Amino acid sequence: CFGFPLSIFFIVINEFCERFSYYGMKAVLTLYFTRFLHWEDNFATAIYHTFVALCYLTPILGAIIADSWLGKFKTILYLSIVYAIGQAVLSVGSINDLTDHNQDGTPDAIAVNIALSIVGLILIALGTGGIKPCVSAFGGDQFEDDQEKQRSTFFSLFYLSINAGSLLSTLVTPTIRASECGIHTKQECYPLAFGVPAVLMAIALVVFVVGSKMYKKAKPQGNVMLEVSKCVGFAIKNRFQHRSKEFPKREHWLDWASEKYDKRLIAQIKMVLKVLFLYIPLPMFWAVFDQQGSRWTLQATAMNGDFGFQIQPDQMQIVNPILIVIMVPVVDSLVYPLIKKCKLNFTPLKKMTVGMFLGSMAFVAAALVQVQIDQSYPVFPAAGQAQIKLINLGTVPATVQFQPQLQSVDVAPNKETGYMIFETSELQSLHIISATLNETKPLKLLDRQRYTLPFKWGPTGINSTLIEDNITSKPGNGKSLVRFINNSNFTVNVTMGDMAFGELHPLSVSNYSVVPNPGWSYTINASMPNTCTVDSKEFGYGGAYTISLDDCVGKKLIITHFEDIAPNTVHMAWQIPQYFLLTCAEVLFSVTGLEFSYSQAPSNMKSVLQAGWLLTVAVGNIIVLIVAGASAIQKQWAEYVLFAALLLVVCIIFAIMGSFYTYIDPNEIEAQFSKEEKEEKKDQDGNEKEAETDTQL
């Protein structure tokens, strides 16, 4: 079809569906841990990076199985089945109603959900990692030797399908996750957010199987990684056995393998080890890079995602693939040629060094954003302190004096004060003066608590109620809270959307309830005694509100909004600079790194370098889970600075290592060995002829 083997279209479609499945699931994973399983941020981060590390360790296993035992086709087939089962198990594990027997919206046996989720993730890691090194190589096997141009086009289509799957899934699954579903209670729809990727993985498997009769299936021919490992192992063992001084030293420790392995293989391994030595500092870059899906997503939950339409925190990850699609051609066609025109020697290792520096700067930018977020958080009372907020629900101004002679506050009608901090041991009472009336109210406040005191002028005096807020932190996960206070003279029954707040007596307050979608406007119904309605204004994400039910005029409810905790004010757009810096770092580091590695190693050793490269990604994620699990740093901005500093130090070390590296041309070395082998064979043939002549004589 168009000069291509028909089989490769099945492979490209399979890759698109598989990448959609993987990135779609991964996009919502961190929020699933924190919001559904209710794991603490550090633990959720550690488990997330453990999963990613496993996804990058299993490709080595997949490559060995494919090359030494099953072949690429069977490896892809069997591990895709494991992969699809894992996605299905994860989706089932995220069903809230699975163990919610009392139908209160909370699983009665959360351990069942956790166990299913972990089993699902392990199966997914085995599947996605195991097929990673096989699919692109299997696609390449479908072409004849004279179809080099078509093979190159296939790889372009293949990587386009990867980016398309990543881009689309990162946009779709967070939107599904933010919707509500459930049998007994409506909550964030994780079963569907994981279910759609599971369906896509099943489609990927079906598509791959449908094309099975068209595939060229090469037999396993042994894995070069095993051969390299055996050669290195033999050299170390042989050197250890001949460690005494009576044995002469050899030029390189790998030369101790020459008794068993030929010179060409030893020379090839030497070239590979030179590159692998440069890989040692690289995990630190991946430790920074892969935090887009964990720490940066958690950072976005405390930000304002209103772009005229609501962006979900886990959708911000889409900035990276969008920028990659733009940046790669711009850098290749404009930036690099411009640098070349300026006659600057911008070698691959220098590009990688600059990439590491930009990665460090990305985390400096993330730290600056985090400082702004932290400054927007409300101040809560410390030990020995309490906070009081006053709300004047009356129609006349009032003055409130805190006794004994601590401070005095004027409160206008239908207005509130901010939360005021007092030492609990000092504050004894408050004195309210409104028009000709006054009242003294004794107080006994608890440590670290917030209180609201609504009051109003009444016919018999000043009516007031001291309410304990029962809120000790800003609402997390972008949620908002709302409560109602009855400012009428009737007992009122209140509902807002599907939420029922029950009956409220005059000047009584409901408990806080979570607003399911803070960006929406809800219809508020109240019986006063006739049913009155009004639409609320939109609630900000991460805020807490008190709504006063004041009156009913012509069946229209009169309400007043009071802001207890300000919503998220730092806009998600402030994350774009850090994503931009990290994407620039990725283009310089990742793309250049693979290109450099392949240019410095023999063609038959490229799989060894790919395994080493994937191993650096795995180790980088292990670094993050160690820091997240063991770090005593309390402030998130300080952790960002720590990672930025570590990457900067590693960047300097890598620059020094790179300055000592000598670039080689493996093809020249290969040609030299081929020439020597031909000469040896020629000499050997000549000796055999001489021996044959002697025999005849």
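This is a predicted model: local features need pLDDT of at least 70, side-chain atom pairs count only at pLDDT 80 or more; totals for chains, interfaces and linings use all residues.

Colleague: Which residues of helix 16 are buried, and what covers them?

Modeller: Among the buried residues of helix 16 are Tyr 640, Phe 643, Leu 647, Val 650, Cys 651 and Phe 654. The cover over the buried residues includes helix 9 (263–278), helix 10 (283–289), helix 11 (295–300), helix 13 (348–376) and helix 15 (606–630).

Colleague: Why is Thr 353 counted as buried?

Modeller: The relative accessibility of Thr 353 is 16%, and buried means under 20%, so Thr 353 counts as buried. Thr 353 is placed in helix 13. Apart from neighbours within four places in sequence, Thr 353 is in contact with Cys 651, Phe 654 and Ala 655. Of these, Cys 651 and Phe 654 are also among the buried residues of helix 16.

Colleague: Thr 128 is another threonine; what makes its link to Glu 18 a polar contact?

Modeller: The side chains of Thr 128 and Glu 18 are joined at 3.1 Å, and the cut-off for such a pair of N or O atoms is within 3.5 Å. Thr 128 lies in helix 5, residues 110–140. With a relative accessible area of 1%, Thr 128 is buried. Neighbours within four places in sequence aside, Thr 128 is in contact with Glu 18, Arg 19, Tyr 22, Cys 55 and Tyr 83.

Colleague: Ala 115 lies in helix 5 as well. Why is Ala 115 called partly exposed?

Modeller: Its relative accessible area is 43%. Buried requires a value under 20% and exposed a value over 50%, so Ala 115, at 43%, is partly exposed. The C-alpha atoms of Ala 115 and Val 89 are separated by 9.9 Å, the two residues being 26 residues apart along the chain.

Colleague: How many residues has the largest nonpolar core, and which have the most contacts inside it?

Modeller: This core has 131 residues, and those with the most contacts inside it are Met 25, Leu 29, Tyr 32, Phe 33 and Phe 51. Helix 13 gives the most to this core, with ten residues. At least three residues come from each of domain 1 (1–221) and domain 2 (278–376 + 569–691). A second, separate core has 21 residues, including Tyr 522, Ala 526, Leu 557 and Ile 559.

Colleague: Why is the pair of Tyr 32 and Phe 36 called stacked?

Modeller: The count of aromatic pairs comes to 38. For Tyr 32 and Phe 36, the ring centres are 5.3 Å apart and the planes stand at 15°. Planes under 30 degrees apart count as stacked, so this pair is stacked. Both residues lie in helix 2 (residues 29–36), four residues apart, which is about one turn of the helix. Tyr 32 and Phe 36 are both buried.

Colleague: What makes the pair of Phe 33 and Trp 39 tilted?

Modeller: Their ring centres are 4.9 Å apart and their planes are at 35°. Stacked requires under 30 degrees and edge-to-face over 60, so the pair is tilted. Phe 33 is buried at a relative accessible area of 0%, and Trp 39 is buried at 12%. Ring pairs link Tyr 32, Phe 33, Phe 36, Trp 39, Phe 43, Tyr 190 and Phe 194 into a cluster.

Colleague: Lastly, why is Lys 441 called buried?

Modeller: The relative accessible area of Lys 441 is 19%, and the limit is under 20%, so Lys 441 is buried. Lys 441 is found in strand 9, residues 437–442. Residues up to four places away in sequence not counted, Lys 441 touches Ser 429, Leu 430, Leu 453, Ser 464 and Leu 466.

Note on methods
Residues are numbered from 1 along each chain as its sequence is written. Side-chain values use heavy atoms; hydrogens and water are left out. Buried means under 20% relative accessible area, exposed over 50%, partly exposed in between (1.4 Å probe, protein chains only). Helices (H or I, at least four residues) and strands (E, at least two) are DSSP runs, numbered from the N terminus. Contact means heavy atoms within 4.5 Å. A polar contact is a pair of N or O atoms within 3.5 Å; within protein, one must be able to donate a hydrogen and the other to accept it, and residues adjacent in sequence count only if both atoms are side-chain atoms. A nonpolar core is a set of buried Ala, Val, Leu, Ile, Met, Phe, Trp, Tyr and Cys residues joined through side-chain atoms within 4.5 Å. Domain bounds come from an automatic or database domain assignment. Rings of Phe, Tyr and Trp (its six-membered ring) pair if their centres lie within 6.5 Å; planes under 30 degrees apart count as stacked, over 60 as edge-to-face and the rest as tilted.
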